[in-house]
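Student: I have a structure to go through with you, and I would like to learn how to read its main features.

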Amino acid sequence: MQEILSTLVSSVFVENMVFAYYLGMCSYLAVSKNVKTALGLGLAVTFFLVFTVPINFLLDNYVLKEGALSWLGEGFANVDLSFISLIIFITVIASFGQLVEMIIEQFMPSLQAALGIFLPLLCINCAILGGVLFMQQKAFANVGVATVYGLGSGIGWLLAIVGLAAIREKLGYSDVPKPLKGLGITFIITGLMGMAFMCFSGLKI
Amino acid sequence: MSLFSGKNKDILLGPISKKNPVVVQMLGICSALAVTAKLEPSIVMAISVVVVIAFANVIISLIRKTIPNRIRIIVQLVVAATLVTLVSEILKAFAYDVSKQLSVFIGLILTNCILMGRMEAFGLSNGPWESFLDGVGHGAGYGVILIIVGFFRELLGSGTLLGIQIVPQIFYDWGYVNNGLMILPPMALIVIAVIIWIHRARNKDLQEEK
């Protein structure tokens, strides 16, 4: 229980996807012009991470890792497939994206209208693949902790993009030096937000 | 048509400044920020990205007429994933320390938007040689920013370049202190913002209205 709680807190605040590892930056900067779309994209990323991280965790532990195939019998005990993990992970993510798109299209047209264009883009969002690769690196104890890690990273990303979008909406009223307008000032704001988030480092439960 | 006609030169050199993928097109920012705390990983990352983009572009361009339009994203991802896996295995074999420092970010070249963007926008509709130049150009435009950021962050943050002490000891004796903030993540963003500022102050046509 304690492990789950501490994984959640650390993945939301301490190891925030955006501010500690800069993952998903491209869409983070491109889609943060207003709060509503930012919220939609943030929810989509969270949703994706909650499912792809545990799926890939199971794949990693029962198929790809060295000795992971030992449940197939003695002869497979030494097989190490980790060199193809990248290809497997991205395929899982891409096909999951396709699957979700089909399901949503069929049963939840209103949600599709809200997320529509973001879903196919998410396959190549570095926050998703990054979450999966960090999961592999951290070697969690069981699939529950991995799911919580996925959830936490998603929420952290959501918080970051909604925060930035809110600031950028207000920024319309301020007088920014011309060459800094748009992209430049957004970088500086993200940097300042990152510094604020650094206060959480060392936070433990 | 010669190999370096005016158009091809434009394809190769355009992305380095006017159409720079990082500071103008806003692509591939994730890794540009994360690996630049030191100069050495920045250089290695820049080279890896040039190699991957150039060859992925060529391969996609060679098979562009046989890829069904509906599954092109998955085909592109598999081609890219194969190249990235190759680069990552080569780095593990010949430059183990750097590959440890870069950790997951080598794998993340795969989701680098520059890579997908170029395959989608250029490789799919142009010949192999143009695609190669385009890939090298965009990789280089990305690499230049990476190396500039890495240079300043390592110089100001640790007083070294490529691990060699640059700031002389006598400065420290007089009370000079390394700026520890430069090594921390947020400063990468600020350094890039300054690059954008200078770049746009010089190229007025790139400035945004809002």
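Student: How many helices and strands does the secondary structure of chain A come to?

Tutor: Helices (H or I, at least four residues) and strands (E, at least two) are DSSP runs, numbered from the N terminus. By that rule, chain A comes to 10 helices and zero strands, and its elements run α-α-α-α-α-α-α-α-α-α from the N terminus on. The C-alpha atoms of chain A fill a box of roughly 70 × 45 × 30 Å along the principal axes. This is a predicted model, in which local features need pLDDT of at least 70 and side-chain atom pairs count only at pLDDT 80 or more, whereas totals for chains, interfaces and linings use all residues. Residues are numbered from 1 along each chain as its sequence is written, chains are lettered from A and ligands numbered from 1 in the order in which they are written, and side-chain values use heavy atoms, with hydrogens and water left out.

Student: Why does A:G42 count as buried?

Tutor: Buried means under 20% relative accessible area, exposed over 50%, and partly exposed in between (1.4 Å probe, protein chains only). A:G42 has a relative accessible area of 0%, and therefore counts as buried; its place is in helix α4 (residues 35-64) of chain A. Contact means heavy atoms within 4.5 Å, and, not counting residues up to four places away in sequence, A:G42 touches A:W157, A:L158 and A:I161. The C-alpha atoms of A:G42 and A:A160 are separated by 8.8 Å, although these residues are 118 apart along the chain. In chain A as a whole, buried residues make up 47% of the 205 residues.

Student: Which residues have the most contacts inside the largest nonpolar core?

Tutor: A nonpolar core is a set of buried Ala, Val, Leu, Ile, Met, Phe, Trp, Tyr and Cys residues joined through side-chain atoms within 4.5 Å. The largest one here has 104 residues, and those with the most contacts inside it are A:M25 and A:Y28. The largest share of this core, nine residues, comes from helix α10 (residues 185-202) of chain B. Leaving aside neighbours within four places in sequence, the contacts of A:Y28 include A:W157, A:A160 and A:I161.

Student: What covers the buried residues of α7(B)?

Tutor: In helix α7 (residues 113-121) of chain B, the buried residues include B:C113, B:I114, B:L115 and B:R118. Their cover includes α3 (25-30) of chain A, together with α3 (39-62), α4 and α8 (128-158) of chain B. Helix α4 (residues 72-94) of chain B is also the place of B:L77, which counts as buried because its relative accessibility is 2%.
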